[in-house]
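Trainee: Before I use the terms in a description, I would like to know what each one rests on. Can we set the values against the definitions?

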Amino acid sequence: MILDADSFLEKCIYSPEGLRADGRRWNELRQFKCQINTHANSSDGSSYVEQGYSKVVCIVNGPKEPDGRSHTFLDKACISVEVNIASFSTVDRKKVVRNNKRVQELNTTIQRTLEEAVLSHLYPRTQIDISIQVLQQDGGLLPTCVNAATLALIDAGIPMVDYVSACSAGIYDTTPLLDLNTMEENDLAFLTVGVIGKSDSLALLMMETRMSMDNLEPVMAIAIAGSHSIRDIMDREVRRHGKQRLAKKGNM
Amino acid sequence: MSHIVLPGDTVDRANLVENDSAPVILGPGMYQDLSNNQYPINAGLINTTKKRSNQLIYVDYNSKRYLPAVNDHVIGIVQGKHSEGFRVSLCEGSAPVQLGEFAFPNASKKNRPNLPNGALVYARVSAAERNIESEIECIDPTTGKDGGFGELKGGFVFDISLAYARKLLFKGGIILEFIGECAPFEIAIGVNGKIWIDAPDVRTIIAVKDCIQGSEHMAPEMVRAFVGETFKSK
Amino acid sequence: MAVGKSISLNESQFILRALRESKRLDGRSFSEPREVDLSFGDEFGHAQVKLGQTWVVAKISAEVVKPREDRPFEGGFTINTDISSMASPLFENNRQSDDEVIMSRMIEKAIRRSNSLDLESLCIVAGKKVWNIRADVHVLNYDGGLVDAICIAVIAGLLHFRKPDVSVDGEEVSFHSFEDRNPVPLSILHMPICSTFSFFQVDQSEDANDSNNLPERLDPQVVLVDANAQELILSGGDMTITVNKNRDVCQMLKSGGLRVEAYTILNCVNIAYEFAVKTTKLINDKLKEDHAKRNVGNIDQLLSAENDR
């Protein structure tokens with residue numbers, strides 16, 4: 001019985017007709033929805049990002065007075081990231097231990113990726129707090145968090161060289177698949193890339209599962225292309241929001 | 001005549017000191033307890049020298065951590081600036097020492113020295129008290145001129161053991177002469193185990209560094225060949 | 001990495017100047033890793049790796065435990081890395097910095113999550129008794145390339161380790177001493193080997209005037225393989241790639257730091273693969289050497305329970 005279910009799933013991941021379990025083609029992103037300035041009163045910058053069923057809220061506070069000596073740098077701002085994963089975000093209601101190594105790694109990875117894009121030297125002796133609340137998880141946790149943090153930083157008006165956008169991609173047999181959901185992540189080898197702007201250069205690269213060296217190039221290429229489209233969608237939302245704000249100002 | 005002593009060994013004064021009646025001064029590595037017993041407290045070579053009418057007994061021992069002593073010539077890294085001067089690190093992990101802003105030749109309220117963080121200075125230890133921060137100065141107190149002290153620009157700095165630094169500085173190891181035959185270079189030796197070198201090109205600097213670091217435990221007769229080889233291989 | 005160490009301006013400027021002239025202080029070329037010095041201790045599963053000044057010891061041990069309820073057929077495998085201030089004053093005792101967390105996660109991913117140790121072969125009685133393998137890693141000295149060295153030490157230790165032979169008779173489990181029966185090696189499915197790359201933005205401003213040799217220097221980014229501690233302080237970011245000799249990439253991590261072109265990364269993967277092939281061969285050679293030393297008088301054959309047919 002178990003074997004049957006497995007082979008059924010296997011077929012579902014990528015059908016011979018070229019469709020994935022959720023009906024996407026190999027190079028399609030999941031629905032990407034984003035909003036900025038969602039928590040205007042409680043924060044300096046905020047955003048809400050949905051990538052398929054992965055949902056994340058991000059709040060940025062700062063640049064502000066640092067929380068003590070260890071958060072003070074003389075030449076740049078201290079960016080601190082805290083990811084909080086809600087215990088109701090996955091199917092199994094496990095109690096998420098705070099400060100476990102996986103979350104700590106996530107924090108550090110996001111922080112270092114953003115440091116590359118944020119012009120933190122403009123705000124010495126300050127701190128920029130980024131807190132990310134994960135509401136729902138369906139694959140691509142790291143990319144969703146990075147995208148949400150970028151939008152929130154832009155909303156907070158913190159100078160950056162360009163958008164940081166991230167996306168995951170995996171490999172099924174010899175076909176690269178873009179933007180995996182949990183089911184696909186569990187079965188396939190995949191990697192996550194983060195790019196700054198529309199370049200081919202990576203600020204973030206993370207791979208945790210075994211993948212053949214020869215598949216690396218197509219997977220990386222499609223992940224970069226996916227990040228570029230995500231950047232465009234985010235850019236559209238920021239511009240839309242900007243126009244809306246301007247229109248309101250004009251009416252006054 | 002020197003020989004190896006270990007902490008707690010008994011020291012036979014009659015053997016060490018020629019003139020038994022001369023007053024004896026105990027140097028580094030020696031200790032006298034309340035009942036006037038003198039014994040070494042560090043492992044190393046015991047040495048005696050005559051200083052005016054006194055006999056000096058000290059132990060020449062090797063260590064890695066530098067403790068400031070007055071009149072030592074040292075190389076430090078500027079770590080920060082405050083209202084009265086600079087904070088300078090002489091030894092990784094030790095308390096920083098002070099370099100006053102008037103401890104430079106021709107320094108005044110209007111003419112303040114400006115050293116960036118990370119700059120190297122060659123200086124003299126001017127105060128080393130047990131319970132207060134040690135001080136260094138970039139000035140020769142007898143002449144009021146720079147006396148070779150001051151900021152070291154360019155070049156490269158690296159660490160060696162303290163005993164080796166003392167040997168290079170006081171006994172002027174032959175190694176430096178041999179290197180000088182191969183290429184011209186500048187050197188500043190701090191007894192805190194830091195050596196600064198400069199030469200016109202990168203290749204020479206790396207070669208000089210490899211020569212100095214590689215020949216610490218080498219027999220004198222092998223040094224020349226070693227230096228030649230190091231320079232050839234670069 | 002390694003923040004907090006005071007490095008003088010002179011040093012950093014000199015190292016960058018040397019890099020501009022395609023030189024490293026220790027005389028290596030940019031893509032040349034340090035020589036791996038691997039040795040084994042007297043006991044099984046005790047491996048020592050020296051990579052330049054970096055010095056790492058791994059000891060593998062095994063005990064019998066009850067398996068996890070959801071995985072009754074699988075044994076356990078844990079890796080403990082102990083990075084104390086013995087290795088370098090950069091590391092604090094009893095406190096893990098971000099770098100150390102990332103480092104231990106990387107080792108975990110490279111060896112444990114890539115399934116290099118076959119956990120199902122550790123089962124003795126399903127649901128009752130399984131072997132729990134434990135790797136204790138101690139870092140004795142630090143000079144960069146820590147993940148690389150730890151990974152080699154753990155893999156070599158696992159390959160060197162022998163667990164006592166077990167015979168199962170119904171519910172009865174008996175363990176045979178090493179004298180009694182030849183101890184059994186673990187089943188290792190593949191050997192992941194890590195390589196660390198460091199990226200440098202070499203500023204051209206200092207010699208912008210001499211445009212004679214520009215063609216060589218179009219790419220201002222320098223990639224160093226297996227940087228030492230001094231180089232790591234100055235690097236603009238690093239990346240660790242884990243590959244085995246079957247051309248599988250087991251783990252890759254580049255968290256932030258300088259942006260790097262995708263093709264540069266693919267180049268790095270190839271360099272990592274070469275290093276993996278070389279190191280795998282080295283580990284196997286050393287294991288053979290060690291085995292020959294232990295197998296004086298062909299004890300193996302005497303103790304072997306197998307018939308040669």
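This is a predicted model: local features need pLDDT of at least 70, side-chain atom pairs count only at pLDDT 80 or more; totals for chains, interfaces and linings use all residues.

Mentor: Residues are numbered from 1 along each chain as its sequence is written, and chains are lettered from A and ligands numbered from 1 in the order in which they are written.

Trainee: Of the two pairs of chains in contact, which share the most contacts?

Mentor: Chains A and C do. Their contact takes 29 residues from chain C and 29 residues from chain A. On the side of chain C, helix 2 (98-113), strand 13 (237-243), strand 14 (248-261) and helix 5 (262-294) each give two or more residues. Strand 14 of chain C gives the most, 13 residues.

Trainee: What makes a stretch a helix or a strand here?

Mentor: Both are DSSP runs, numbered from the N terminus: a helix is H or I over at least four residues, and a strand is E over at least two. By that count chain C has six helices and 14 strands.

Trainee: What classes make up the side of chain C that touches chain A?

Mentor: That side has 14 nonpolar, six polar and nine charged residues. Ala, Val, Leu, Ile, Met, Phe, Trp, Tyr, Cys and Pro count as nonpolar, Asp, Glu, Lys and Arg as charged, and the others, Gly among them, as polar.

Trainee: At what angle do helix 2 of chain A and helix 2 of chain C cross?

Mentor: At roughly 120°, with the axes of helix 2 (residues 101-117) of chain A and helix 2 of chain C coming within 9 Å. Axes are lines fitted to C-alpha atoms, for helices over the stretch in contact, and angles run from 0 to 180 degrees between N-to-C directions. A:K101, A:Q104, A:E105 and A:T108 meet C:D98, C:V101, C:I102, C:S104 and C:R105 there.

Trainee: How many residues does the contact take from chain B and from chain C?

Mentor: It takes 17 residues from chain B and 12 residues from chain C. Strand 7 (73-82), strand 13 (156-159) and helix 4 (202-214) of chain B give two or more residues to the side of chain B. Helix 4 of chain B has the largest share, three residues. By class, that side has 10 nonpolar, six polar and one charged residues.

Trainee: What makes strand 1 and strand 4 of chain A edge strands?

Mentor: Five strands of chain A form an open sheet in the order 1-2-3-5-4, with mixed pairing. Strand 1 (32-36) and strand 4 (78-85) each pair on one side only. Inside the order, strand 3 (residues 54-64) and strand 5 (residues 127-136) of chain A run antiparallel and are joined by eight bridges; A:N61 has A:D129 as its bridge partner in strand 5.

Trainee: Why is A:K33 called partly exposed?

Mentor: A residue is buried if 20 or more other C-beta atoms, placed from the backbone, lie within 10 Å of its own, exposed if 12 or fewer, and partly exposed in between. A:K33, in strand 1 of chain A, has 13, so it falls in between. In chain C, buried residues make up 42% of the 309 residues.

Trainee: What does UniProt list for residues 24-65 of chain B?

Mentor: The unreviewed entry gives "domain: Exosome complex exonuclease Rrp40 N-terminal". UniProt positions are in the numbering used here, feature names are shortened, and annotations may be inferred rather than shown by experiment. In the model, residues 24-65 of chain B are 0% helix and 57% strand.

Note on methods. Two residues are in contact if their C-beta atoms, placed from the backbone, lie within 7 Å. Two strands pair if DSSP finds at least two bridges between them.
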